[in-house]
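I opened this entry to record what I looked up in the model. The notes follow the order in which I went through it.

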Amino acid sequence: MIRNACMVGLALVAFAGVSRAADPLPKEEDYYKIVKFEFPKDVVLEPGGMALTPDGKLMVSSRRGEIWTVENPFAADLAKDAKWTRYAHGLHEVLGLALKDDWVYATQRGELSRLKDSKGAGKADKIETVNDAWEITGDYHEYAFGSHFDKEGNIWIVLCLTGSFNSNCKYRGWCVRVTPEGKLIPTCSGIRSPGGIGFNSAGDCFYTDNQGPWNGTSSLKHLLPGSFQGHPDGNRWFEEAKESSILGKRPETPKSNSRMMVEAARIPQLMPPAIYFPYKKMGQSASGIDFDSSGGKFGPFQNQLFVADQTNSTVMRVCLEKVNGRYQGACIPFRKGFGSGNVPILFSKSGHLFVGGTNRGWGSHGNKPFALERLDWTGKVPFEVHEMKARSDGFDLTFTQTVDPKTAADLASYKISTYCYIYQAAYGSPEVDFTYPNVVSATVGADKKSVRLVIDKPVAGHIHELVSAGVRSEAGLPLLHPEAYYTLNYLPSNNP
Amino acid sequence: MARLSSSLALAFLLLMALPLPGADTPARPVVPAFERFAKDPIAAGGLGLVLLGELNCTSCHAAEGVTQGLLTPKLAPVLDKVGSRVQPEYLQAFLENPHEKKPGSTMPELFAGLSPQEKKEAVLALTHYLASQGGPPVNSPIEVKQIATGRTLFAQSGCLACHNPRDAAGKESQKIPGSVPLGPLENKYTFTSLSSFLENPHQVRPSGRMPAVLKDNKETKAVASYLLQGAKGALQAKALKFKSFEGTWDKLPDFAKLKPVNQGFSPGFDVEAASRENNSALRFEGWFKLPAAGTYTFHLGSDDGSKLWIDGKLVIDNDGVHPHQSVTKSVELFKGEHQVVVGVFNGGGEFSLNVEIEGKRMDRQALSGLCQPGEKSAEASAEPIKEKEKAVEGYRPDAQLAEKGKALFASAGCANCHSLTNGNKKVVGTVKGPALLKMRPGQGCLAEKPLGKAPDFSLDDQQRKSIASALQKLASNPAMPSASQQVNHTFLSLNCYACHQRDKVGGAEESRLSFFLSNQPEMGDEGRVPPHLTGVGAKLNEAWLKQVLDQGTKARPYMFTRMPKYGSGNVNHLVKGLAQSDPLPAVDPITFADPASKVRSSARFLVGSKALGCIKCHTFNNQKAEGIQAMDLTTMPQRLKHDWFQRYMLDPQVFRAGTRMPAPWPMGKTFFNDVLEGSTLKQIEGIYVYLSAGSKASAPEGLTRDAIPLVPGKEPIIYRNFIEGAGARAIGVGYPEKVNLAFDANHLRLALIWQGGFIDAGKHWRDRGVGFQAPLGDNVVSLPAGPNLAVLAGLKDAWPNPVREQAGQFLGYEIDALGRPAFQYRVGDVAVNDSLIPSTNKEGGFTRTLSLSCVKPPSAFYLRAAVGNKIEELKDGWFSVDGEIKVRVQGALVREMNGKKELLAPVLFEKGQAKLVQEFSW
């Protein structure tokens with residue numbers, strides 16, 4: 001016992017590199033460091049969208065309608081080496097940037113535009129409307145978040161409801177795609193109040209929606225063309241949207257005060273959220289989405305999705321799998337402490353994560369009014385749950401480091417509770433229908449990097465909150481983040 | 001006397017003919033707590049005691065000692081001057097059969113044991129006695145304009161926590177079990193008496209079961225107008241039916257396809273009937289009678305567009321977006337009834353409507369003066385109104401009958417429950433039932449069918465059982481209940497549970513949840529449903545709690561439901577009771593190393609936008625927050641106990657599960673290590689100290705919203721945003737030359753030009769950016785609505801106002817070397833390059849060069865250069881428009897259209913190309 005404690009202490013010293021007796025456990029910043037950009041004097045840049053040019057410049061759009069080019073965004077000393085140039089101004093709250101050929105595509109409130117610097121002066125002189133076939137009434141909540149290009153060259157745009165409650169004009173509450181030819185395709189209905197849009201490594205499009213009517217808590221949703229994402233008000237435009245061949249019949253209106261999976265069983269078009277972010281525990285306003293495309297340069301999470309939260313100034317990690325043909329999976333805390341309210345995030349192939357923040361109008365834990373930051377991997381691998389996958393009788397966990405077999409096999413190392421949300425027209429929902437399954441067995445895999453958990457019993461349609469507080473790594477460290485929240489919409493029928 | 005009874009009988013017949021609201025309300029007395037909790041095992045225990053109180057049993061059945069202390073009787077209405085409040089016809093009908101006239105009433109029937117004839121005589125005598133108390137009721141017409149306000153107040157202030165919801169006409173629209181019945185209000189009260197009852201309900205109903213919700217007589221009059229709009233007599237003020245709609249239009253919508261947001265009656269064609277000023281439309285309908293056949297002239301003026309139909313035919317089309325403009329048309333009409341329908345809409349800004357008629361023998365006058373809401377209803381209402389007037393006017397109490405009634409009032413039991421003071425003398429009840437503890441189940445008023453003189457409360461089986469078990473409990477000589485049991489008893493009696501949950505009991509019922517509303521819907525239930533009161537004794541300062549209970553409050557600015565006034569006598573005991581029930585362990589005293597002034601300034605920093613940003617959500621000293629308008633920070637120490645504040649701030653979720661209030665010190669850790677010694681507890685304490693100055697606390701940083709004027713330097717500034725007068729897809733351009741424009745990319749038109757300051761971006765660049773921003777500078781000229789360029793088959797054709805999809809397509813803009821944008825768009829097949837630059841000529845202003853190209857140009861394509869009431873040609877090709885602005889364009893011609901002058905310039909294509917220069921000077 002005493003020997004063990006000593007070993008833990010030694011391991012920590014060796015591991016963290018800094019030894020402070022009073023505070024021995026490693027922290028997030030030991031693995032991932034936040035590096036801050038400094039803005040030119042008098043510039044207010046509330047990031048809304050980001051893109052990287054092929055020659056390694058970062059372009060950032062702002063809520064105040066500007067687009068800036070930042071040279072040397074990967075520099076170690078950003079204050080000294082980053083160079084800022086204003087590329088455009090006067091645009092309407094740009095919440096999406098994408099690049100193609102010489103054009104910069106900007107999703108404004110009222111249209112998708114493309115901009116070009118035809119004279120090589122460093123600033124755009126051609127501003128063209130690519131598509132403006134959706135409408136706006138002048139309500140501030142009618143935001144439009146735009147994606148990068150998908151494989152077919154489309155840009156996906158999610159259109160917030162009027163006042164975040166109603167669809168007062170065409171395609172509010174829809175996801176639309178704009179084709180390379182500039183045509184608008186109404187693609188999914190049911191959107192409420194998005195915070196970001198992006199693709200996973202397979203190229204499927206996701207967006208985040210926020211707690212409110214028909215949304216018990218914030219969530220990550222898969223924009224499968226033709227699907228209905230849960231808020232029925234926008235379905236009134238089905239008649240207008242019907243030329244879009246991917247749309248079938250107008251979905252039935254869900255019953256309020258029900259449960260998502262009860263309604264999903266009844267309404268085939270209804271797409272249950274792939275991931276719920278439990279309110280407060282994970283965040284309050286889910287926002288930007290991107291996946292780690294660095295092939296390992298960002299640490300052990302290649303191809304996983306990362307999702308920002310505006311209120312909590314955090315970035316969360318998400319691992320997805322397909323069960324019953326639909327995405328579901330777990331979210332796990334990843335990094336907190338960003339300067340402002342995170343909105344867009346962007347991975348570089350070089351393994352850097354750019355994070356932009358604004359807390360104008362919506363407060364955030366980060367107290368700066370706006371921020372642009374870069375998250376760098378220090379090269380050290382944190383001890384984390386790497387993936388959590390559903391099985392018919394429990395979960396398979398994999399870890400980023402080999403585990404201590406004793407604690408990992410100890411049933412007392414794990415606590416599981418399950419709950420879901422009321423699917424209702426009223427705002428948000430408390431967590432309801434709690435169950436507390438017992439952990440029946442915890443079997444450590446031969447590679448000592450996985451654990452098979454059998455629980456009595458998993459509940460389909462519930463979030464499974466797993467706290468693995470007792471598990472230690474081989475080096476004696478606890479998990480950097482012991483909590484994981486798995487959205488078990490569907491229970492897999494067979495175990496592999 | 002014969003006159004009286006016949007008019008009473010007539011009124012009675014009228015009453016019988018009305019469909020009685022509450023027909024499916026149970027006949028048993030409705031005691032909300034009993035209705036709600038009788039099936040709930042946790043709460044049902046004390047319900048028998050509640051019934052004994054709510055039915056005021058101890059007024060006949062004496063209770064002593066502890067038993068007395070356990071009951072809080074609901075006193076019956078005080079009947080002083082009842083004749084001035086309640087209509088005699090109603091009194092008579094109600095006394096005749098209270099359970100039928102007002103199902104659910106706690107008033108028992110007293111004369112069940114009498115023969116029909118005896119009963120009739122007794123009731124008549126009592127009616128005469130009561131009607132002679134200060135009668136007859138004063139009446140004045142309802143305030144028709146206030147009906148809509150009254151409806152909102154009734155629906156949102158909290159009335160629906162206990163009563164059934166009502167529709168636009170003031171009729172019950174839904175029966176929710178457990179609702180406290182109101183009976184046929186329009187028969188019972190007059191407008192004046194209902195309004196004054198609502199102003200101070202405790203004067204008549206002293207036990208606080210009906211709390212005072214409304215804040216002044218303006219509100220009580222509005223609610224009384226709403227509730228009594230169906231009364232006879234009220235009809236006269238309702239000349240027109242209206243429906244109001246919300247939406248964004250640039251011409252009058254097809255009302256048949258829209259759902260109204262509100263409807264009701266209006267005395268005139270009055271835009272005040274609209275639910276809001278901007279993006280709003282109204283449809284009025286009524287009937288008017290013409291004394292003779294002939295030519296009648298109608299004048300229809302409005303801002304924006306309107307139309308007038310007579311007998312289903314469109315007579316005047318004054319449609320489109322425009323300032324107030326009037327159109328006049330004459331039509332032949334026959335003698336007699338005609339239907340009039342008027343539609344009007346408003347996009348933004350001024351909203352006006354004026355409908356007038358004139359004829360050969362009829363001066364020009366408001367048409368509404370001739371109108372009734374419906375052809376038939378106007379006829380049908382005439383008769384009863386007369387009868388009603390006669391009934392009230394003709395009412396003369398019979399002194400002899402009243403004297404008989406007075407004796408009955410004392411002997412029949414009325415005076416046991418109802419206090420009535422007549423000439424400084426209180427009528428004393430002479431009925432004495434058996435003492436409370438001597439009552440036997442199944443006997444007297446507890447019998448299934450009470451006989452003889454026993455009052456019949458119409459109790460149902462469960463109520464009788466519940467009372468029996470309470471009596472049994474009382475007989476066992478119970479101990480005084482604990483503080484929390486007493487609190488529970490009061491909460492049941494006063495129906496506090498209708499809104500508040502406490503210790504897992506009560507809270508807004510599922511069936512009423514949707515009535516609780518907020519102006520901050522995104523706060524969720526927390527923003528609309530009154531707070532739970534678990535632990536409230538530990539939370540609120542006693543002085544504040546006392547004030548809230550006694551006087552009511554509206555501390556939560558976002559919540560529509562108000563905490564009503566219960567009257568100190570009814571609720572004072574809760575102050576101590578709650579404090580005793582809800583202990584909170586004391587917090588260790590906190591001392592500061594810093595001097596007091598430093599503590600306050602540090603706390604001020606914490607509250608401000610550079611630190612915790614509390615003011616982003618919380619109002620501060622009545623100043624609005626950026627986002628949701630959460631409770632005023634400067635009222636916190638006044639409301640909240642110090643120790644509770646300390647604990648709450650450490651972890652709000654513990655006290656209010658699901659609150660949107662974030663933990664400012666997550667896990668108890670501060671983000672600000674150099675403030676107040678980096679101690680979380682000292683920071684919380686500091687904030688309490690700082691906010692304790694109340695309205696004198698100096699404002700924290702980030703509270704005031706500063707302007708952000710955009711000032712062009714060497715190059716123009718472009719500003720795409722919501723610009724008032726230029727739409728939601730506006731592109732503003734401010735030029736260094738101090739002239740500015742706004743292009744409407746939705747309708748492909750130059751919308752505004754102005755001089756001086758460009759625009760204040762503060763509205764859009766601070767906070768969430770709500771609303772449309774008007775130009776900052778001077779001499780703002782609004783250019784005509786509708787497209788600038790159009791195909792016109794002939795000069796007699798009106799300028800088209802196509803919907804957006806037909807108008808063309810905005811294509812973007814190119815910026816020249818000086819930073820000036822040239823707009824590009826397509827109108828039909830014509831591609832347009834629209835370049836606007838500040839003029840260099842002596843007139844100043846703008847020079848606009850329109851370069852157009854088209855493979856197959858349209859044969860008659862025009863630029864509409866100006867629209868005005870008066871367009872005059874000046875020297876050198878300039879035209880003056882309404883003396884406000886000068887316009888020059890080659891080939892211009894003036895024409896008249898729809899009562900306006902238009903300046904048109906033909907676009908002449910040559911080899912598919914055309915160029916047109918338009919100059920503005922103002």
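Helices and strands here are DSSP runs, a helix having at least four residues and a strand at least two, numbered from the N terminus. The model is predicted.

**Entry 1. The two chains**

I started with the content of each chain. On that count, chain A has 6 helices and 32 strands. Chain B has 28 helices and 34 strands. I then looked up burial. In chain A, 56% of the 496 residues count as buried; in chain B, buried residues make up 48% of 922.

I also looked up how far along the sequence the contacts reach. Among chain A contacts with a separation of 6 or more, 58% are between residues 24 or more positions apart. For chain B, 67% of the contacts between residues at least 6 apart in sequence join residues at least 24 apart.

**Entry 2. Where the chains meet**

I counted 36 residues of chain B in contact with 33 residues of chain A. On the chain B side, the elements that give two or more residues are strand 17 (717–723), strand 18 (727–734) and strand 24 (809–815). By class, that side has 17 nonpolar, 9 polar and 10 charged residues.

Which strand of chain A pairs with strand 24 of chain B? I found strand 9 of chain A, residues 126–131, in an antiparallel pairing over 3 bridges. Within that pairing, A:I127 has B:Y813 as its bridge partner.

**Entry 3. A sheet in chain A**

Next I followed an open sheet of 4 strands in chain A, with the order 10-11-12-13 and antiparallel pairing. Strand 10 (144–149) and strand 13 (184–189) are the edge strands, each pairing on one side only. The twist averages 25° from one strand to the next.

I took one pair from this sheet in detail. Strand 12 of chain A, residues 174–178, is joined to strand 13 by 5 bridges and runs antiparallel to it. A:C175 stands opposite A:C188 of strand 13.

**Entry 4. Nonpolar cores**

A:C175 came up again when I looked at the cores. The largest nonpolar core has 200 residues, and A:C175 is among those with the most contacts inside it, together with A:I157, A:L159, A:V176 and A:Y486. Strand 28 of chain B, residues 861–868, gives this core its largest share, 6 residues. A second, separate core has 137 residues, including B:F37, B:A93, B:A212 and B:A454. As background, nonpolar side chains tend to be buried together in soluble globular proteins.

What does A:I157 touch, leaving out residues up to four places away in sequence? I listed A:T107, A:L112, A:A144, A:F145, A:G146, A:C175, A:V176 and A:V178.

I then checked the length of helix 21 of chain B, residues 568–581. At 1.5 Å a residue its 14 residues should span 20 Å, and the end C-alpha atoms are 20 Å apart, so the two agree. The buried residues of helix 21 are B:N570, B:V571, B:L574, B:V575, B:G577, B:L578 and B:S581. What covers these residues includes helix 17 (483–493), helix 19 (536–539) and helix 20 (542–551) of chain B.

**Entry 5. B:R283**

I looked up one arginine, B:R283, in strand 3 of chain B (residues 280–290). Is B:R283 buried or exposed? It has 24 other C-beta atoms within 10 Å, and the cut-off for buried is 20 or more, so B:R283 is buried. B:R283 touches B:F242, B:K243, B:F255, B:V341 and B:G343, not counting residues up to four places away in sequence. B:K241 is 42 residues from B:R283 in sequence and 8.2 Å from it in space, C-alpha to C-alpha.

**Entry 6. A hairpin in chain B**

Last, I looked at strand 32 (residues 893–897) and strand 33 (residues 900–907) of chain B, which run antiparallel and are joined by 5 bridges. The two strands form a hairpin with 2 residues between them. In the turn, B:N898 has a positive phi of about 50°. The bridge partner of B:R895 in strand 33 is B:E902.

How values were computed
Residues numbered from 1 in each chain as written. Chains lettered and ligands numbered in written order. Predicted model: local features only at pLDDT ≥ 70, side-chain atom pairs only at ≥ 80, totals over all residues. Expected span 1.5 Å × (residues − 1). Buried ≥ 20, exposed ≤ 12 C-beta atoms within 10 Å, placed from the backbone. Contact = placed C-beta atoms within 7 Å. Nonpolar A, V, L, I, M, F, W, Y, C, P; charged D, E, K, R; others polar. Pairing = 2+ DSSP bridges. Axes fitted to C-alpha atoms, helices over the stretch in contact; angles between N-to-C directions. Core = buried A, V, L, I, M, F, W, Y, C linked by C-beta atoms within 7 Å.
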